[in-house]
Amino acid sequence: MRRIPALFATIAIAEAVSWALLLTGMFFKYVVVHNEIGVKIAGPIHGGIFMAYLAVTALQARAGGWKWWMTLVALVCSIPPFATLIFERWAKSHGLLTDRTVPVAAP
């Protein structure tokens, strides 16, 4: 499954974008127009992407052979806004977004 690292990166970015949408909806709800429509739309979207991030993180951790503490860090990064994006960039730069379950062809 070579698609797991790409799926992890995509979902991590989508989770950060959904945070931005939810925060924008909250800004409009509490500051600008006092209307809940933005939160009613962005909230469920963010919730779904949040759950997808948790699931894909578990898949990537298993496929990439992550240690338990690395998996915990990735999961905790789902809580603060935009931390999934930071973790994804860091993991990519450190070679953690790999799939070790796919055998490499012998030269």
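This is a predicted model: local features need pLDDT of at least 70, side-chain atom pairs count only at pLDDT 80 or more; totals for chains, interfaces and linings use all residues.
**A guided tour: annotated spans and helix H4**

In the unreviewed UniProt entry, residues 37-56 carry the annotation "transmembrane region", as do residues 7-31 and 68-87.

Select residues 68-87 next. Here the chain is 70% helix, with 0% strand, and a distance of 15 Å separates the end C-alpha atoms.

Proceed to helix H4, which comprises residues 83-93.

Centre the view on Glu88. Is this residue buried or exposed? Glu88 has a relative accessible area of 0%, and is therefore classed as buried, the cut-off for that class being under 20%. To see what surrounds Glu88, leave aside residues up to four places away in sequence and display Phe8, Ala9, Ala12, Ile13 and Leu97, each of which touches Glu88.

Turn now to Arg89. Its relative accessible area is 46%, so Arg89 counts as partly exposed, a class that lies between the 20% and 50% limits. Which side chain does Arg89 meet in a polar contact with Glu88's neighbourhood in view? The partner is Glu88 itself: the two side chains are joined by a polar contact of 3.5 Å.

Finally, draw a C-alpha to C-alpha distance from Arg89 to Ile13. The two residues are 76 positions apart in sequence, while the distance in space is 9.7 Å.

Methods
Residues are numbered from 1 along each chain as its sequence is written. Side-chain values use heavy atoms; hydrogens and water are left out. Helices (H or I, at least four residues) and strands (E, at least two) are DSSP runs, numbered from the N terminus. Buried means under 20% relative accessible area, exposed over 50%, partly exposed in between (1.4 Å probe, protein chains only). A polar contact is a pair of N or O atoms within 3.5 Å; within protein, one must be able to donate a hydrogen and the other to accept it, and residues adjacent in sequence count only if both atoms are side-chain atoms. UniProt positions are given in the numbering used here, feature names are shortened, and annotations may be inferred rather than shown by experiment. Contact means heavy atoms within 4.5 Å.
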